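Subject: Handover of a predicted model, with notes on its pockets and ligands

Dear colleague,

I am passing on the structure below, together with some notes on what was found in it. Please read the notes alongside the coordinates and the sequence.

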Amino acid sequence: MGKVIIFSAPSGAGKSTIVNYLLKKNWGLEFSVSATCRAPRGNEQHGKEYYFFTQEEFKKRIAADEFLEYEEVYPGCFYGTLKSEVERIWAEGKTVLFDIDVVGGVNLKKKFGSEALSVFIQPPSIAALQERLIGRGTDEPEKIEQRVAKAEYEMTFAENFDIIIVNDKLEEALAEVETIVNKFLFGEE
Ligand code: ADP
Ligand code: 5GP
């Protein structure tokens with residue numbers, strides 16, 4: 001078993017921004033590409049940001065026990081981690097980086113224990129979160145409302161993570177994340 005790093009947060013808190021920053025470093029990290037049955041957003045590609053499956057295909061894979069974990073993150077919309085994805089990354093001798101919802105994040109931390117670092121990215125406020133989702137310009141207003149409405153519930157999970165990073169000023173959040181990930185991987189401050 002290799003190491004894993006788990007990032008969870010309400011949608012719009014800045015998880016993807018932070019994860020992409022870490023992936024650019026030469027630290028042997030690889031993104032776990034999740035499966036989803038939501039539609040691709042913007043330039044998203046099958047096999048890169050997600051494996052895009054129909055709901056029917058997703059359910060078939062659940063029945064075939066292909067997932068390490070999965071959640072119905074939004075009504076009718078499943079997201080899950082394929083076992084094959086984690087095995088592929090470990091086989092390369094790399095550390096798996098997850099961007100996953102709060103429930104999935106807590107479950108994976110329980111599974112991997114001390115081999116996992118779990119990080120909760122917290123927005124400075126719900127209003128800031130909403131502004132960021134509007135600013136990102138990738139979601140319909142109704143989807144934004146759905147995500148903001150769920151955020152308060154998601155925030156209650158923060159204490160279940162190894163560490164909480166408040167993403168107010170991006171530069172500061174990136175520096176904090178860099179320090180804790182470095183320590184987890186290499187034992188250095
Ligand atoms: P998530 O992956 O958590 O849904 P993103 O990384 O896509 O969030 O960030 C949502 C939007 O907020 C993006 O447009 C991103 O550029 C912006 N953003 C990220 N961090 C900050 C920050 N600290 N201050 C202001 N805007 C931010
Ligand atoms: P988005 O639609 O914004 O890409 O993701 C919506 C939510 O689903 C985010 O909180 C994201 O972290 C979560 N998510 C993405 N992949 C997985 C996964 O494999 N499992 C679980 N449980 N959640 C996921």
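A word on terms comes first: on a 1 Å grid over the protein atoms alone, a pocket is an open set of points where a 1.4 Å probe fits, with protein on both sides within 12 Å along at least five of seven lines, and its lining residues have an atom within 4 Å of a point. Grid points are joined across faces, edges and corners, and a volume is the space filled by probe spheres set on the points. This is a predicted model, in which local features need pLDDT of at least 70 and side-chain atom pairs count only at pLDDT 80 or more, whereas totals for chains, interfaces and linings use all residues. Residues are numbered from 1 along each chain as its sequence is written, chains are lettered from A and ligands numbered from 1 in the order in which they are written, and side-chain values use heavy atoms, with hydrogens and water left out.

The second largest pocket holds about 230 Å³ of space, and among its 14 lining residues Arg 38, Ala 39, Asp 139, Lys 143 and Arg 147 lie nearest the centre. Strand S6 (77-82) and helix H6 (141-155) each supply at least two residues of this lining, the largest share being the three residues from H6; helices (H or I, at least four residues) and strands (E, at least two) are DSSP runs, numbered from the N terminus. The lining divides into six nonpolar, two polar and six charged residues, where Ala, Val, Leu, Ile, Met, Phe, Trp, Tyr, Cys and Pro count as nonpolar, Asp, Glu, Lys and Arg as charged, and the others, Gly among them, as polar.

The largest pocket contains about 1000 Å³ of space and is lined by 41 residues, with Ser 16, Arg 41, Tyr 50, Asp 99 and Arg 136 nearest its centre.

Among the polar contacts (pairs of N or O atoms within 3.5 Å), a backbone N or O atom of Lys 15 lies 2.8 Å from an oxygen atom of ligand 1, while side-chain N or O atoms lie 2.5 Å from a ligand oxygen for Ser 16 and 2.6 Å for Thr 17. Taken alone, ligand 1 exposes 570 Å², of which the protein buries 75%, with accessible areas from the Shrake-Rupley method and a 1.4 Å probe.

Ligand 2 has 18 residues around it, of which Arg 38, Tyr 50, Tyr 79, Asp 101 and Arg 147 come nearest. An oxygen atom of ligand 2 is 2.7 Å from a side-chain N or O atom of Ser 34, an oxygen is 3.1 Å from a polar backbone atom of Gly 80, and an oxygen is 2.7 Å from a side-chain N or O atom of Arg 147. The protein covers 96% of the 520 Å² of accessible area that ligand 2 has on its own. Strand S5 (67-74) gives the most to the shell around ligand 2, with four residues, and the shell divides into five nonpolar, five polar and eight charged residues.

With best regards

Methods. Polar contact = N/O pair within 3.5 Å; in protein donor to acceptor, adjacent residues only side chain to side chain. Near = heavy atom within 4 Å.
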